[in-house]
Structure formats: structure tokens, C-alpha cells
Amino acid sequence: MDTAPRIAPRFDLVGLVVSDMAASLAFYRRLGLDVPAGAESAPHVEAAAGGLRIAWDTEDVVRSFDPGWTRPVGNRVGLAFRCGAPAEVDAVYEELVAAGYRGRLKPWDAEWGQRYAVVLDPDGSEVSLFADVEAA
């Protein structure tokens, strides 16, 4: 029987590979993330987000240590942002779409008890907006 202490990694960071750092940071700032000022031209950016960290790396940075990296096809990771009330889901969705971001799914009352919507970030990753319907 193995009695060695078990090492338990701790979930700490969500990393996004982006094609346009400035466009991506502008999108996530609109969602309330505290992204460092002047980071638009940096190849790597990090910010605290709800007890975790989120990081953005340009495609060139990733290719610098993984020369065979290619942009994935299709959506592989989705981020979700909790809103304070169902009406906020609608308001945030409309504000993002009005700013030129692509709406994927307009706000609706989902059968699992949430007001839910999906927008796409500048690289096409799905970003869900949700609030518990009971919060109304």
C-alpha cells in the first residue's frame, strides 16, 4: 500500500490564448474584470477574478514555447459570469451586443431556474451570463 503523502494541486488560473490582446481585454473589462491599465500591448496579462486568476496570452507567446501550436477549431472552454438579478443578464447582454460583440443566445429563462444568455468574446469563446430567477 502506498503511504506517500498525496500532493493535491490547487485550481488557481484560467488561461486564454487570444489573437488580439487589446480587443480581448476590452471585452473582459466590460464584464467587470480589473485588468491592469496599459496592458493592451503586453504579450501576457493576469488579473484576479473571484478568488482565481485569469490570464491572457497572445498566440505568439504560446508558439514561443510550443512551436506546433495551432488555433483550436470550435469552442473548448466557456466562462460564466453571475449577475445579481435576471434583469442584469438582459442589460449586460444588450450592452455587449450594442458595443459590437456577438450574441450567441439571447437571454431566456432556462428550465434549470436561471435567466441565461451567451455572448462570444473576440476570439469566439462562449461567455455565459446568468442569474437565479428566484433572485428576482
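Glutamate 46 is partly exposed, at 33% relative accessibility. Its side chain meets that of arginine 53 in a salt bridge (2.6 Å, N to O). The model is predicted. Side chains of opposite charge can pair when their charged atoms come close.

**Salt bridges around arginine 53**
- Arginine 53 is partly exposed, with a relative accessible area of 32%.
- The side chain of arginine 53 also meets that of aspartate 12 in a salt bridge (2.3 Å, N to O).
- This pair links distant parts of the chain: arginine 53 sits in strand S3, aspartate 12 in the segment before S1, and they are 41 residues apart.
- Aspartate 12 counts as partly exposed, at 21% relative accessibility.
- A network of salt bridges links Arg10, Asp12, Glu46 and Arg53.

**Salt bridges elsewhere**
- The whole structure holds 12 salt bridges.
- One of them joins the side chains of arginine 104 and glutamate 126 (3.0 Å, N to O).
- Arginine 104 lies in strand S5 (residues 102-109) and glutamate 126 in strand S7 (residues 126-132), so the pair ties together parts that are 22 residues apart in sequence.
- Glutamate 126 is partly exposed, with a relative accessible area of 24%.

**The sheet and its helix**
- Three strands form an open sheet in the order S1-S3-S2, with mixed pairing.
- Strands S1 (13-18) and S2 (44-49) stand at the edges with a single partner strand each, so one side of each lacks a neighbour in the sheet.
- From one strand to the next, the twist averages 20 degrees.
- S2 pairs with S3 (residues 52-58) in the antiparallel sense, over 6 bridges.
- Histidine 44 stands opposite aspartate 57 in S3.
- Helix H1 (residues 21-30) lies across S1, S2 and S3, at about 155 degrees to S3.

Conventions: Residues are numbered from 1 along each chain as its sequence is written. This is a predicted model: local features need pLDDT of at least 70, side-chain atom pairs count only at pLDDT 80 or more; totals for chains, interfaces and linings use all residues. Side-chain values use heavy atoms; hydrogens and water are left out. Two strands pair if DSSP finds at least two bridges between them. Helices (H or I, at least four residues) and strands (E, at least two) are DSSP runs, numbered from the N terminus. Axes are lines fitted to C-alpha atoms, for helices over the stretch in contact, and angles run from 0 to 180 degrees between N-to-C directions. Contact means heavy atoms within 4.5 Å. A salt bridge is a side-chain nitrogen of Lys or Arg within 4 Å of a carboxyl oxygen of Asp or Glu. Buried means under 20% relative accessible area, exposed over 50%, partly exposed in between (1.4 Å probe, protein chains only).
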